[in-house]
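Welcome! Here is a friendly briefing to read alongside the sequence and the 3D view.

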Amino acid sequence: MSNPEGVRDRSAATKPGRSDDPPVGLASTVESADDAIITQDLNGLITSWNAGAERMFGYSPREARGQPISILIPVDIQEAEAAICKRILSGERVNHYETVRAKSTGAKMDVSVSISVLKEKSKIVGLVTIARDITTRKRGERAAYLLEKRGQEELEARTRQFNAALAKANQELAEHIELLDLATDAIVVLNTTGDVVFWNQGAERLYGWTRKDALGKSPQVLLQTDPPLQVEEIQETLYRQGHWECELTQTTRDGRRITVASRFLSRRDQAGHPSGWLQICTDVTRRKNAEQELRGLSGRVLTLRDEERRRIARELHDSAGQVLSAASINLALLERQVVGLPPKVSRLISESSNLIEQAVNEIRTISYLLHPPLLDEVGVARALRVYVEGFSERSKIKVALDISPELGRFSRDLEIAIFRIIQEGLTNIHRHSRSSTAKITIHKSPTELALMVEDRGQGMILPMIESGDGNGTRLGVGIRGMRERVQQFGGQLVIRSGESGTAIECRFPFAESDKSSAHSSAV
Ligand SMILES: Nc1ncnc2c1ncn2[C@@H]1O[C@H](COP(=O)(O)OP(=O)(O)OP(=O)(O)O)[C@@H](O)[C@H]1O
Ligand SMILES: [Mg+2]
């Protein structure tokens with residue numbers, strides 16, 4: 001070690017004259033240490049000062065030695081530090097501690113200090129201080145602390161923001177729920193297993209079950225939904241088309257059966273996976289009942305009209321027809337009995353006779369069209385053959401008839417319905433289709449009667465007919481009348497139309513009672 005100003009070992013500190021000549025060994029270890037190793041005598045004066053002390057505090061050994069140790073201690077902690085030294089000198093053991101020291105520049109630095117007594121021949125001669133500069137560590141700790149504090153503050157700020165957003169979302173949700181509750185419709189949200197997770201006040205009002213009653217339950221079971229929809233079926237349909245509409249019958253809490261128009265809308269979570277569905281149900285029971293009543297009423301109107309037609313046909317035939325026939329006979333008698341009539345009178349009688357015959361024929365045709373007499377007597381099959389023959393002759397449209405040979409007889413109302421539907425179908429073909437041929441099929445199976453009127457004409461604009469929306473065009477009563485007649489018997493009418501023609505198909509289901517009365521009612 002080449003530092004003559006350096007630290008002396010303990011023995012060296014007590015031997016003046018040899019202080020600049022430190023022995024190798026302990027002194028060199030002290031000298032080369034990174035830490036500041038400083039000794040002081042009992043008066044608090046610095047007696048040795050190693051290179052580490054010089055690096056740390058900025059004083060050279062020459063400057064430091066002989067100075068009070070307090071030059072290294074900031075004024076505000078000098079008293080406390082003196083007390084510590086006192087405690088150590090009195091034999092108390094003080095563990096190393098962290099404190100602050102002053103550099104020669106006056107700058108403060110964080111140090112870790114350990115102080116112990118310095119003895120010589122068992123006698124305390126001073127203190128030895130080992131100090132380590134921990135400014136970097138402290139700075140790191142402070143930075144870490146600040147970082148942590150900032151992280152904490154940021155976290156708190158974020159938490160505050162999140163809470164505010166959550167409160168806002170809750171508020172919005174509450175408002176949405178309030179809006180959903182205002183809706184008159186029943187709005188129900190279901191999870192993937194088909195159980196209720198939301199039930200608005202509309203649903204409470206419609207079904208009588210409270211939200212609490214319904215949550216977690218299946219509406220299929222709770223409301224005895226008919227048709228009973230399978231969860232898989234709903235999900236499969238929603239997966240394919242996103243929404244679904246149908247009419248359902250359900251039971252309210254007080255046992256009423258109601259009809260609802262139900263709309264299903266699929267729900268997806270943020271990842272896009274199906275998370276259940278939304279079901280909105282509107283009570284259409286009153287509308288359904290009104291429709292039913294209306295259908296009954298129009299059925300009744302049709303029946304009354306048929307009866308009225310039958311009466312008028314008979315009256316025309318029996319009264320006007322008979323009177324005119326009598327008049328025709330009288331004229332013939334007159335012509336035969338009175339001889340030598342002036343040719344002008346004779347011509348008048350003959351002309352009148354022709355006019356009367358024309359009137360009789362017209363009355364007969366009108367009476368026939370109003371109510372085909374054969375219908376009541378020989379049944380719809382034969383009455384149709386006669387009617388179709390006349391129609392073909394007048395219209396020049398070739399009509400093929402395919403009627404089950406074992407068709408038999410039906411109730412008077414059903415036979416009239418069949419006849420009128422075919423009559424209207426053929427009239428439409430004649431008026432609108434431009435087809436030169438037509439086909440009529442009537443088939444009977446154990447469960448239903450199917451009838452079809454087809455042509456090979458230009459077709460019709462189906463959506464307009466189906467929706468009943470005239471869109472500026474006048475819609476007739478013909479097809480509507482057909483539909484009503486079919487519905488009166490609980491049947492279905494389907495129209496297919498395209499470039500190759502039109503087909504009107506009607507299906508009348510047989511109720512048990514119809515089947516038994518089908519052959520007997522030949523009224
Ligand atoms: N066979 C058909 N071919 C082509 N178009 C048809 C046919 N039948 C009906 N239509 C079209 O459908 C419309 C509605 O028919 P519908 O029988 O209801 O009324 P209409 O025949 O016009 O009048 P109404 O029957 O009251 O005298 C017709 O106006 C016509 O445009
Ligand atoms: Mg018509």
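In which loop is Q224 found? Q224 sits in the loop between α9 and α10, where helices (H or I, at least four residues) and strands (E, at least two) are DSSP runs, numbered from the N terminus. What you see is a predicted model, in which local features need pLDDT of at least 70, side-chain atom pairs count only at pLDDT 80 or more, and totals for chains, interfaces and linings use all residues. Residues are numbered from 1 along each chain as its sequence is written, chains are lettered from A and ligands numbered from 1 in the order in which they are written, and side-chain values use heavy atoms, with hydrogens and water left out.

**Backbone features in the loops**

- Q224 has a positive phi of about 45 degrees although it is not a glycine.
- R434 is another non-glycine residue with a positive phi, here about 60 degrees, and R434 lies in the loop between α15 and β12.

**Around ligand 1**

- There are 16 residues around ligand 1, and N428, R431, H432, V477 and I479 come nearest; a residue is near a molecule or strand if one of its heavy atoms lies within 4 Å of it.
- By class, this shell has 5 nonpolar, 7 polar and 4 charged residues; Ala, Val, Leu, Ile, Met, Phe, Trp, Tyr, Cys and Pro count as nonpolar, Asp, Glu, Lys and Arg as charged, and the others, Gly among them, as polar.
- α15 (412–433) and α17 (478–488) each supply at least two residues of the shell, and α15 gives the most, with 6 residues.
- An oxygen atom of ligand 1 is 2.8 Å from an N or O atom in the side chain of N428, and for the side chain of R431 the distance from a ligand oxygen to an N or O atom is 2.8 Å.
- The backbone takes part as well: a polar backbone atom of G478 is 3.3 Å from an oxygen atom of ligand 1.
- Taken alone, ligand 1 exposes 600 Å², and the protein buries 85% of that; accessible areas come from the Shrake-Rupley method with a 1.4 Å probe.

**The antiparallel sheet**

- One open sheet has 5 strands in the order β2-β1-β5-β4-β3, with antiparallel pairing; two strands pair if DSSP finds at least two bridges between them.
- Its edge strands are β2 (46–49) and β3 (97–102), each pairing on one side only.
- Neighbouring strands of this sheet are turned by 35 degrees against each other on average, direction ignored; axes are lines fitted to C-alpha atoms, for helices over the stretch in contact, and angles run from 0 to 180 degrees between N-to-C directions.
- β3 and β4 (residues 108–120) run antiparallel and are joined by 6 bridges; V100 has D110 in β4 as its bridge partner.
- Helix α5 (residues 75–89) packs on the sheet, touching β3, β4 and β5 (123–133), and its direction makes about 130 degrees with that of β3; contact means heavy atoms within 4.5 Å.
- Helix α6 (residues 135–182) also packs on the sheet and touches β3, β4 and β5, with its direction at about 135 degrees to that of β4.

- β13 (residues 448–455) and β15 (residues 501–509) pair in the antiparallel sense over 7 bridges, and the bridge partner of M452 in β15 is E505.

**Two hairpins**

- β8 (residues 243–251) and β9 (residues 257–268) run antiparallel and are joined by 9 bridges; T249 stands opposite T259 in β9.
- Their hairpin has 5 residues between the strands, and G255 takes a positive phi near 90 degrees.
- β9 also pairs with β10 (residues 274–283) in the antiparallel sense over 9 bridges, with A261 opposite T282 in β10.
- The hairpin of β9 and β10 has 5 residues between the strands, and G272 in the turn has a positive phi of about 90 degrees.

Key:
A polar contact is a pair of N or O atoms within 3.5 Å; within protein, one must be able to donate a hydrogen and the other to accept it, and residues adjacent in sequence count only if both atoms are side-chain atoms.
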